[in-house]
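Notebook open, model loaded. I want to go through some aromatic rings, a sheet and a pocket.

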Amino acid sequence: MTDWAGEAIRKLEADSNRSADTHLHLFPLPAEWGIDLYLKDESVHPTGSLKHRLARSLLLYGLVNGRIHEGTTLVEASSGSTAVSEAYFARMLGLPFVTVVPRSTSQEKIDLIEFYGGRCHFVDRAPDMYPEAERLASECGGYYLDQFTYAERATDWRGNNNIAESVFGQLSHERHPIPAWIVVGAGTGGTSATFGRYVRYRRHETRIAVVDPEGSAFYGGWSTGAADYTTGTPSRIEGIGRPRVEPSFVPSVIDEMIQVPDAASIAAIRLLKERTLHWAGGSTGTNLVGAFELIARMRNEGVQGSVVTLICDGGARYVDTYYSDEWVAAKGWDLARHRARLEEFLATGRWSAA
């Protein structure tokens with residue numbers, strides 16, 4: 001290993017020491033239910049999202065495999081939080097970073113990527129991102145980070161302060177230290193793979209539920225067993241949901257999947273902000289809806305325990321979209337019906353059909 005590579009790994013590990021142990025918030029539920037709902041707040045990472053962990057792991061994976069060297073151009077196919085975080089780490093290591101994005105990418109995301117020194121390369125169609133990223137990396141002798149392939153293997157699921165180990169460590173003094181359920185979404189599939197493998201490795205009885213937004217292929221792929229399942233529909237909930245089953249999605253470590261309407265996800269983050277003052281992006285709302293449904297099931301079965309889900313990123317990125325009544329109306333989403341269902345659950349513990 002070169003001196004440069006060794007110093008690069010040290011810098012990434014130092015960032016991990018500074019930022020890995022994010023807060024675990026307790027969501028207010030009626031005390032008599034005997035059920036605790038925890039929100040792991042990944043929005044407090046330096047780049048503001050859960051993808052901070054993934055980006056650091058992807059760069060470490062490239063470094064320890066001898067694929068990233070001094071001066072290597074890093075290339076990704078992402079217009080979202082992963083690219084923002086990768087740009088941050090590339091700047092930390094003094095490496096050029098290019099991400100392939102659709103022309104429809106919001107200016108806010110482009111500005112964040114460029115703030116950290118990244119460059120956006122545009123394509124007309126979202127499916128063209130992947131082959132174009134491969135082409136760019138090959139053309140410049142760079143390294144394609146390829147989050148959708150390497151997410152499930154770049155993180156050490158046995159521990160090493162991954163998100164699963166962090167959650168279980170923080171729960172160790174709670175009244176229900178081993179959660180009944182962990183609820184996450186799938187964008188690459190890396191987070192669900194890490195949690196699913198970790199609980200099996202540690203022999204916990206915890207079950208893993210993955211929530212999936214409208215139009216995403218993950219639910220269909222999981223329920224049919226078809227690894228090539230596609231919908232061709234881009235997700236309207238940023239950070240989760242894909243039009244195809246990505247290579248990093250590991251269905252065999254998932255116990256249940258729950259489909260969540262997009263309008264319900266947005267109603268949930270607005271409720272979260274009012275009830276806790278924490279405001280978050282749409283994927284957090286998808287998580288919250290799934291957690292509520294599982295808690296209602298526990299109530300119906302007379303089971304007490306804990307449930308853990310994630311605050312994936314902060315709401316400030318979505319002031320003009322998910323938190324804008326005009327934007328939501330333009331999408332044709334009826335939030336009131338879903339908000340009423342969420343309020344009914346919090347008042348009675350019952351979960352009505354959507």
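Predicted model: local features only at pLDDT ≥ 70, side-chain atom pairs only at ≥ 80, totals over all residues.

I started with Phe115, which is exposed at 55% relative accessible area. Residues are numbered from 1 along each chain as its sequence is written, and side-chain values use heavy atoms, with hydrogens and water left out.

**Rings**

I searched the whole structure and got 17 aromatic pairs. Rings of Phe, Tyr and Trp (its six-membered ring) pair if their centres lie within 6.5 Å; planes under 30 degrees apart are stacked, over 60 edge-to-face, the rest tilted. Phe115 and Tyr116 are edge-to-face, because their planes stand at 80 degrees, with the centres 5.1 Å apart. Tyr116 is buried, at 11%.

Next I looked at Tyr318 and Tyr322, a stacked pair with 4.9 Å between centres and 25 degrees between planes. Tyr318 is buried at 2%, and Tyr322 counts as buried at 2% too. I also found a cluster in which ring pairs link Phe27, Trp33, Phe292, Phe345 and Trp351.

Then charges over rings (NZ of Lys or CZ of Arg within 6 Å of the ring centre and within 35 degrees of the ring normal). Arg158 has its charged end over the ring of Trp157, 4.2 Å from the centre. Lys273 lies over the face of Trp279, 5.4 Å from the ring centre.

**Sheet**

I traced an open sheet of six strands, order S1-S2-S10-S7-S8-S9, with mixed pairing. Two strands pair if DSSP finds at least two bridges between them; helices (H or I, at least four residues) and strands (E, at least two) are DSSP runs, numbered from the N terminus. Which strands stand at the edges? They are S1 (24-27) and S9 (256-260), each with a single partner strand, so one side of each lacks a neighbour in the sheet. S1 runs antiparallel to S2 (residues 35-41), joined by four bridges. His25 is opposite Leu39 in S2.

**Pocket**

Last, I checked the lining of the second largest pocket. On a 1 Å grid over the protein atoms alone, a pocket is an open set of points where a 1.4 Å probe fits, with protein on both sides within 12 Å along at least five of seven lines; lining residues have an atom within 4 Å of a point. I got 26 lining residues, with Arg53, Ser57, Ala154, Thr155 and Asp156 nearest the centre. Helices H1 (3-19), H2 (51-64), H6 (147-154) and H8 (190-201) each give two or more residues to this lining. H2 gives the largest share, eight residues.

Technical notes: Buried < 20%, exposed > 50% of the residue type's maximum accessible area, 1.4 Å probe, protein only.
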